[in-house]
2 protein chains.
Amino acid sequence: MNLKQLSESLGLSQTTVSRALNGYPEVSEATRQRVQDAAHRHNYRPNTRARSLATGRAHMIGHVIPISTRHEMMNPVFSDFIAGAGEAYARAGYDMTLSIVPDDAEDATYRSLAQKKTVDGIVIHGPRANERRIRLLQDLDLPFVVHGRASAEDSDYSWVDVNNRRAFSRATELLLDLGHRRIAMVNGLEDMDFAIRRRQGYEKALRERGLEPDPELGASDEMTEHYGYDTARLMLARDNPPTAFLVSSLISAIGVRRALEEADLKMGRDVSVITHDDELSYLGNGKDVPIFTATRSSVREAGRIAATTLLDLIEDPDRTPRHHLLEAELMLGRSTGPAPKES
Amino acid sequence: MNLKQLSESLGLSQTTVSRALNGYPEVSEATRQRVQDAAHRHNYRPNTRARSLATGRAHMIGHVIPISTRHEMMNPVFSDFIAGAGEAYARAGYDMTLSIVPDDAEDATYRSLAQKKTVDGIVIHGPRANERRIRLLQDLDLPFVVHGRASAEDSDYSWVDVNNRRAFSRATELLLDLGHRRIAMVNGLEDMDFAIRRRQGYEKALRERGLEPDPELGASDEMTEHYGYDTARLMLARDNPPTAFLVSSLISAIGVRRALEEADLKMGRDVSVITHDDELSYLGNGKDVPIFTATRSSVREAGRIAATTLLDLIEDPDRTPRHHLLEAELMLGRSTGPAPKES
DNA sequence: ATGCATTTCCAAAGCGCTTTGACACTTCTC
DNA sequence: GAGAAGTGTCAAAGCGCTTTGGAAATGCAT
């Protein structure tokens, strides 16, 4: 059933039917009712392709997820972000498309998204410190919001981000207060912007206490379970091992815990661990008392915010860019305790 | 730059330009070259909305992900599935849209997807045993592929699934061979089809050795880390506790391990654990030797297969439904060992 | 030259919707 | 009772592309 058929069946013109359905005032309440009833009865829904051709609006948001060509890694955080964003879109009558893009072939994807006019706006995931996509999208004149930020980019653009620097400096301070001096940093890939900020927070906190970060205690890679395990194992085997680990992801923290257990070290007593927790729906950091002491910030909430920000931007393109800096909560769990006495 | 402008700039008709670009034979090689060069130079890409209005094909696949209203859970498996499917779509020039749908408001979503003509086909995720969506889509006459199966559905439809029954009966047999008699089943939600099949495999293997499944040793819930932990803790605290756990997800298995460690039980010696491993990119079950003995099947590969199956189906709608039953590998890891002697 | 394929190109219709501009018909105002 | 103002409706254009049904131009054999 399309508009034409519907209007014929009602003995009205397409115009009137269209207006009645789209809430224009030029149509009497009586006909509007009649039209809506009929539409409902025939289960009529306008063809999106035709509608967006006519209106110029696709009612569609694109999410572009770079997939690391080196590791073929899907960002685990992404699914919960999407869930949050999806809610917002659904409420506003928008759809969402996903482009999974090998991180070497990006330009083409963005250009094509812009020119094919499939989407009204896009969300950039996983910005690197030196991020070309932002400039590109500005040139293409397509509204966008970044989940994260790009340190090297000095133009103004909309983003939603966690205060990574603050979160990690606070976490480091907590460990320092507990007497830890050898604190390892098990970070994400350090060409990612979030990882750089976390490291900055960590180093700042150390330096403020007169400590110089030890390169031996730094690691950086894709945040898998196995990476956490390997790194912790390696570091613990060296002389003068760390007494605390600061970990960038709950998944890697689980790997760290595995290494500790294998080395017969008790987490929270022999070695302390703090992790960042994105509150992924399936992971969960304990129920009442957190397993890990953690800097916590809901990535799902970030998704919701990013989506509504973008929708606003599309609504009114002249709007100045919006920024949302989410503060992570520091949750005390069982994985932290005073540094063991020197033996 | 649109088709009209491009054709004017070339002094050709829109028809010729369109044909030249879409590889129709009615155009000379010389003009085709000329057109392609110009298109490339001007960075021309056809407007998808217009194109699909004209052709009737959206070049878009919809993925519908039910989100449990009870638990607000995002299926962790989904992101890797999507990654696999995405590859296939990209190769074929298709895009993908995501609908995240509360599991109570499904009918409407499917109806609307079908009628708004936004997609050419859809992938159904997370089928339940008694799945109405399949019948619905058949009625709507929209090509689809199911990731998983629906036991209660007797019509023929295309699906891609792991042989869950076989995987779990083999795993159970292994545990039985190792001398275990009290084997717990930490299953997913048992209104999900995959969970039912896994339980069937488990029970079948037990019965074939003359054992009756003990309801005390069965659990069923959303497969979070915490669920694994809670369940294992509870079961281990009872008298006559299980000596082995069969777990439906690596994430929950990590929870089980946590419970074991807390109870000072050594996994693989005191208590054995087998889990199903979907080979999620960020999780990884160890590198050389698997941490957990596991039934393993790549969900990413399943995504690839589902996508190509669906694309074939769209290409030729008369094709009979295709079925892909993937066999899970049984990987021996360190989490299994002979049942401890009765004390 | 003529006739007939073959090649190369085009004008125009159509996809299903929104939206403009106009028309007919009431109702109100002085 | 004429004109203004308001109400309810419509025909038709247009969004940017594909595709149908020809037409013009070319090549080739007669």
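Analyst: Glu279(B) is partly exposed, because 19 other C-beta atoms lie within 10 Å. The scale behind that term is as follows: a residue is buried if 20 or more other C-beta atoms lie within 10 Å of its own, exposed if 12 or fewer, and partly exposed in between, with C-beta atoms placed from the backbone. This is a predicted model, in which local features need pLDDT of at least 70 and side-chain atom pairs count only at pLDDT 80 or more, while totals for chains, interfaces and linings use all residues. Residues are numbered from 1 along each chain as its sequence is written, and chains are lettered from A and ligands numbered from 1 in the order in which they are written.

Glu279(B) sits in the loop between E9 and strand E10 (293-296) of chain B. Helices (H or I, at least four residues) and strands (E, at least two) are DSSP runs, numbered from the N terminus. Although Glu279(B) is not a glycine, its phi is positive, at about 55°. Asp264(B) is likewise not a glycine and has a positive phi, of about 60°. Asp264(B) belongs to the loop between H11 and strand E9 (272-277) of chain B. With 7 other C-beta atoms within 10 Å, Asp264(B) is exposed.

Elsewhere in chain B, Asp193(B) is part of helix H9 (residues 193-208). Asp193(B) counts as buried because it has 24 C-beta neighbours inside 10 Å. Neighbours within four places in sequence aside, Asp193(B) is in contact with Pro127(B), Arg128(B), Ala129(B), Gly148(B), Arg149(B), Ala150(B) and Ser151(B); two residues are in contact if their C-beta atoms, placed from the backbone, lie within 7 Å. Thr295(B) is 102 residues from Asp193(B) in sequence and 18 Å from it in space, C-alpha to C-alpha.

Helix packing in chain B is illustrated by H5(B) and helix H12 (residues 299-315), whose axes come within 6 Å and cross at roughly 40°. Axes here are lines fitted to C-alpha atoms, for helices over the stretch in contact, and angles run from 0 to 180 degrees between N-to-C directions. H5(B) is therefore oblique to H12(B), given that angles under 35 degrees count as roughly parallel, over 145 as roughly antiparallel, 65 to 115 as roughly perpendicular and the rest as oblique. The crossing of H5(B) and H12(B) is right-handed; a crossing is left-handed if the near helix is turned anticlockwise from the far one by less than a right angle, and right-handed if clockwise. Among the residues that meet are Phe81(B), Ile82(B) and Tyr89(B) in H5(B) and Val299(B), Thr308(B) and Leu311(B) in H12(B). This contact of H5(B) with H12(B) has twelve nonpolar, three polar and five charged residues, where Ala, Val, Leu, Ile, Met, Phe, Trp, Tyr, Cys and Pro count as nonpolar, Asp, Glu, Lys and Arg as charged, and the others, Gly among them, as polar.

The C-alpha atoms of chain A fill a box of roughly 90 × 40 × 30 Å along the principal axes. Of the 343 residues in chain A, 50% are buried. One residue of helix H10 (residues 225-237) of chain A is Tyr229(A), which counts as buried with 23 C-beta neighbours inside 10 Å. Beyond its neighbours within four places in sequence, Tyr229(A) is in contact with Gly255(A), Val256(A), Arg258(A) and Ala259(A).
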